[in-house]
Amino acid sequence: MKSGSRLERTLEAGQFAFTGELGPPQGANVDHVRKKASYLKGIVDAVNITDNQTAVVRMSSWGAGLIAIQEGLEPNYQMVCRDRNRIAIQSDILGAYAHGIRNMLCLSGDHQQFGNHPLTKGVFDIDSIQLIGLVKRMRDEKKFLSGDEIDGAPQMLIGAAENPFAEPFEWRVYRLAKKVEAGADFIQTQCIYDMKMFREWVKQANDMGLTEKVHILAGITPLKSGGMARYMAKNVSGIIIPDEVIDRIVQAKKPAEEGIQFCVEQIEELKEMKGVHGVHLMAIEWEHKVPEIAERAKLLPRPQV
Amino acid sequence: MIVAERKPLDEIKEMIKTFKKVLNVGCGGCTSICFTGGQREVGQLNEDLENALKQEGKMLRPDGFTIERQCNGDFYPELDEIANDYDAILSMACGAGVQFLADRYPSKPVFPALNTTFVGIDRDIGWFEENCRTCRECVLGETAGICPITRCAKSLFNGPCGGTSRDGKCEVSKDTPCAWFEIFKRLKEQNRLENILKIKPAREWRNQTRGTMVHEDYQERYAK
């Protein structure tokens with residue numbers, strides 16, 4: 001075992017993993033975190049705590065992660081390279097690990113221009129692939145990036161993101177290969193709406209032997225309404241929603257229910273897909289629906305590992 | 001070339017309005033080439049300032065004087081003869097030129113009339129694009145002549161992020177090509193994709209302290 005986290009034990013046991021997501025509040029509102037956590041407890045194996053997503057200032061990922069631990073959840077600590085240099089990155093990892101955080105997701109981060117401080121100075125001292133290598137080095141070699149010895153090396157399970165739906169499509173599996181080579185233990189993908197395209201990407205990963213080296217968790221975000229489907233398809237770079245999916249939600253009598261039904265069908269399909277080892281459910285500001293989705297997708301009860 | 005743009009007129013006006021005699025010094029180097037700080041632009045700015053100040057009831061028209069390059073002492077002797085006649089000096093050079101000028105006349109208040117924007121190229125007449133961040137460790141040989149530090153919004157080193165759009169544009173702006181999309185395309189055409197398949201390790205940022213460089217032919221001349 002690398003970190004011994006519940007997520008790692010679940011994956012190593014060959015169980016189909018199920019992770020969720022919790023976006024911290026724009027403030028120090030602890031009850032906000034506790035409430036969102038209450039919907040996920042006992043339902044997910046680990047919960048991603050986002051790091052100032054879309055570059056909007058929020059409670060720190062590690063801070064909200066500690067509250068999640070108090071609430072009985074295992075956090076997957078997201079860290080972006082946008083806001084901190086290699087000194088702060090390594091320091092934050094030590095602090096997070098010291099307080100019991102055992103999983104990390106290494107990201108470059110949304111550009112600051114999208115957030116509420118658009119003219120701040122973006123750091124990007126290192127990129128997400130270099131961050132993966134840095135965490136692995138701290139864990140396995142017990143050394144900082146500088147080469148100095150670490151007194152108490154953090155043993156993190158290392159996660160990374162991958163988006164099979166962004167150009168250049170042909171490049172995406174190679175980027176996955178780079179992340180695996182850098183040291184990623186698991187991958188959480190961008191949300192999938194085009195299953196055919198995802199299947200093709202997983203096949204490439206299978207053919208290259210990558211899915212034997214890394215655990216792939218397929219990203220899913222339920223569509224709440226036709227408006228949301230249209231908006232995401234049009235405005236969010238790197239997300240592809242086929243017209244037939246948009247039509248299905250738009251034409252449904254109860255779009256939210258249809259969105260959940262579509263999401264449940266996707267999970268059922270992913271469970272059977274060779275090379276896919278779990279699902280990462282990003283129910284954005286819809287955390288209370290996660291238990292219902294998990295139940296209907298027959299992901300409960302979670303295996304005790 | 002260094003590209004610069006003129007500061008808003010009000011900002012320049014506020015800097016100089018308390019002085020009686022102001023000299024506006026143009027630069028015949030980069031800022032002249034990008035139509036921002038040469039002889040012609042010195043004349044234009046002086047006229048604009050005179051008109052703007054007149055509306056406030058102030059009679060002040062800066063004099064103009066353009067030297068070939070503000071970043072080299074060899075071009076200063078003529079300016080040295082007249083500089084003392086003024087209370088303040090406005091510079092239409094890049095930030096490097098403004099500082100050279102200020103160092104030369106340390107008793108004079110010196111003000112920048114321009115914002116230095118970037119190291120760039122002429123895309124077309126009057127259309128400039130940033131292409132170099134002077135990072136001191138050039139990787140263009142690996143990246144098909146396209147700089148990821150300058151042209152990728154996140155200065156990524158290991159390929160495109162997940163935000164590249166269907167038509168190969170950056171998530172930050174639909175008008176900006178994704179640098180890594182372009183790098184991938186060009187390397188593929190050149191059959192050199194292996195360049196970016198290997199992991200590029202964390203960079204050593206060598207431009208975080210002020211640079212000084214003595215050309216190797218002159219090492220002896222400046223030896224201490």
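Helices are DSSP runs of H or I with at least four residues, strands are runs of E with at least two, and both are numbered from the N terminus.

This is a predicted model, in which local features need pLDDT of at least 70 and side-chain atom pairs count only at pLDDT 80 or more, while totals for chains, interfaces and linings use all residues. Residues are numbered from 1 along each chain as its sequence is written, with chains lettered from A and ligands numbered from 1 in the order in which they are written.

How are H5(A) and H6(A) oriented to each other? They pack at an angle of about 20°, with their axes 8 Å apart, and are therefore roughly parallel. Axes are lines fitted to C-alpha atoms, for helices over the stretch in contact, and angles run from 0 to 180 degrees between N-to-C directions. Angles under 35 degrees count as roughly parallel, over 145 as roughly antiparallel, 65 to 115 as roughly perpendicular and the rest as oblique. The crossing of H5(A) and H6(A) is right-handed; this label means that the near helix is turned clockwise from the far one by less than a right angle, and left-handed means anticlockwise.

Helices H8 (residues 226–235) and H9 (residues 243–251) of chain A have axes that come within 8 Å and cross at roughly 155°. H8(A) and H9(A) are therefore roughly antiparallel, and their crossing is left-handed. On H8(A) the contact is made by A:Gly226, A:Ala229, A:Arg230 and A:Ala233, and on H9(A) by A:Val245, A:Ile246, A:Ile249 and A:Val250. These residues divide into six nonpolar, one polar and one charged.

## The nonpolar cores

A nonpolar core is a set of buried Ala, Val, Leu, Ile, Met, Phe, Trp, Tyr and Cys residues joined through C-beta atoms within 7 Å. The largest has 87 residues, and among those touching the most other members are A:Cys106, A:Ile132 and A:Val135. H5(A) gives the largest share of this core, six residues. Leaving aside residues up to four places away in sequence, A:Val135 touches A:Ile93, A:Met104, A:Cys106, A:Met156 and A:Ile158. A second, separate core of 29 residues includes B:Leu23, B:Ile89, B:Phe111 and B:Ala113.

## Where the chains meet

The contact between the chains takes 26 residues from chain A and 23 residues from chain B. Which helix gives the most to the side of chain A that touches chain B? That is H6(A), with six residues.

On the other chain, helix H7 (residues 179–189) has buried residues including B:Trp180, B:Phe181 and B:Leu187. The buried residues of H7(B) pack against helix H6 (169–182) of chain A, and also against H6 (148–151), S9 (173–177) and H8 (194–197) of chain B. After H7(B) comes B:Asn191, with a positive phi near 60°.

## A loop lysine in chain B

B:Lys17 lies in the loop between helix H1 (9–16) and strand S2 (22–27) of chain B. B:Lys17 is partly exposed, with 14 other C-beta atoms within 10 Å; buried residues have 20 or more, exposed ones 12 or fewer, and partly exposed ones fall in between. Not counting residues up to four places away in sequence, B:Lys17 touches B:Leu53 and B:Lys58.

Conventions: Contact = placed C-beta atoms within 7 Å. Nonpolar A, V, L, I, M, F, W, Y, C, P; charged D, E, K, R; others polar.
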